[in-house]
Amino acid sequence: MTTDPTASPPATPGHHDLGGWRLGPIDRAEHPRTLYEMRVDALVMLLTNPACGAFKVDALRRAIENYASSEYESLPYYDRWLKAIRQLLVEQHVLTDAQIDARIEQLRARRAAAGVRP
């Protein structure tokens, strides 16, 4: 049997691609969503809405799937989304890292002034 020298090597599944792996039963029980989860989800819905069009859901998926395995596995689900949102807003020139960092600091200062713990 001969091999085509121009053929691409077989695709290696990414760390996020678990289809077909025997990893045990899936817990399908619903859990109450936290305020944080609902806010991140709402942010994605707003930013991907055609009226805003900051980026597409496919871009969010690409950003998340490009994480290193260790990062992907260590971040909770919605933290992956939030990190990808930031990356895409910078990639698409909607905001800069400096603008995002400045706003985070403003919010931290406001929380501290109000006596709210991080």
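His93 lies in the loop between helix H4 and helix H5, the latter spanning residues 97-113. In this predicted model, the phi angle of His93 is near 60°, a positive value in a residue other than glycine. That is worth noting because most residues other than glycine have a negative phi. With a relative accessibility of 73%, His93 counts as exposed, since the threshold for that class is over 50%.

The chain has 118 residues, of which buried residues make up 19%. Among the contacts with a separation of 6 or more, 54% are accounted for by residues 24 or more positions apart.

Two packed helices are described by the angle between their axes and the distance between the axes.

| Helix pair | Angle between axes | Distance between axes |
|---|---|---|
| H2 and H4 | about 110° | 9 Å |
| H1 and H4 | about 35° | 10 Å |

Helix H2 covers residues 57-65, and its axis meets that of H4 at an angle of about 110°. This makes H2 roughly perpendicular to H4, and the crossing of H2 and H4 is right-handed. On the H2 side the contact is made by Ala59, Leu60, Arg62, Ala63 and Ile64, while H4 contributes Arg80, Trp81, Ala84, Ile85, Gln87, Leu88 and Glu91. By class, the residues of this contact of H2 with H4 divide into eight nonpolar, one polar and three charged.

The crossing of H1 and H4, by contrast, is left-handed. Here Tyr36, Glu37, Val40, Asp41, Leu43, Val44 and Leu47 in H1 meet Tyr78, Asp79, Trp81, Leu82, Ile85 and Leu89 in H4. The contact of H1 with H4 has 10 nonpolar residues, no polar residues and three charged residues.

### The nonpolar core

Which residues of the largest nonpolar core touch the most other members? They are Phe55, Leu60, Ile64, Trp81 and Ile85, within a core of 17 residues. Helix H1, which spans residues 35-48, supplies at least two residues of this core, as do H2 and H4. The largest share, six residues, comes from H4.

Leaving aside neighbours within four places in sequence, Ile85 is in contact with Val40, Leu43, Val44, Leu47, Phe55 and Leu60.

### Polar and charged residues around the helices

Is Asp41 buried or exposed? Asp41 is buried, because its relative accessible area is 18% and the limit for that class is under 20%. When neighbours within four places in sequence are left aside, the residues in contact with Asp41 are Arg33, Tyr78 and Trp81.

Gln87 lies in helix H4, which runs over residues 77-91, and with a relative accessible area of 29% Gln87 is partly exposed. Not counting residues up to four places away in sequence, Gln87 touches Arg62, Ala63 and Tyr67. Gln87 and Ala63 are 24 residues apart along the chain, and their C-alpha atoms are separated by 7.6 Å.

Glu91 also belongs to helix H4, and Glu91 is partly exposed, with a relative accessible area of 34%. From C-alpha to C-alpha, Glu91 and Phe55 are 9.5 Å apart in space, although 36 residues apart in sequence.

Arg61 is placed in helix H2 and counts as exposed, at 55% relative accessibility. The C-alpha atom of Arg61 is separated by 9.8 Å from that of Arg80, a residue 19 places away along the chain.

Notes. Residues are numbered from 1 along each chain as its sequence is written. This is a predicted model: local features need pLDDT of at least 70, side-chain atom pairs count only at pLDDT 80 or more; totals for chains, interfaces and linings use all residues. Side-chain values use heavy atoms; hydrogens and water are left out. Helices (H or I, at least four residues) and strands (E, at least two) are DSSP runs, numbered from the N terminus. Buried means under 20% relative accessible area, exposed over 50%, partly exposed in between (1.4 Å probe, protein chains only). Contact means heavy atoms within 4.5 Å. Axes are lines fitted to C-alpha atoms, for helices over the stretch in contact, and angles run from 0 to 180 degrees between N-to-C directions. Angles under 35 degrees count as roughly parallel, over 145 as roughly antiparallel, 65 to 115 as roughly perpendicular and the rest as oblique. A crossing is left-handed if the near helix is turned anticlockwise from the far one by less than a right angle, and right-handed if clockwise. Ala, Val, Leu, Ile, Met, Phe, Trp, Tyr, Cys and Pro count as nonpolar, Asp, Glu, Lys and Arg as charged, and the others, Gly among them, as polar. A nonpolar core is a set of buried Ala, Val, Leu, Ile, Met, Phe, Trp, Tyr and Cys residues joined through side-chain atoms within 4.5 Å.
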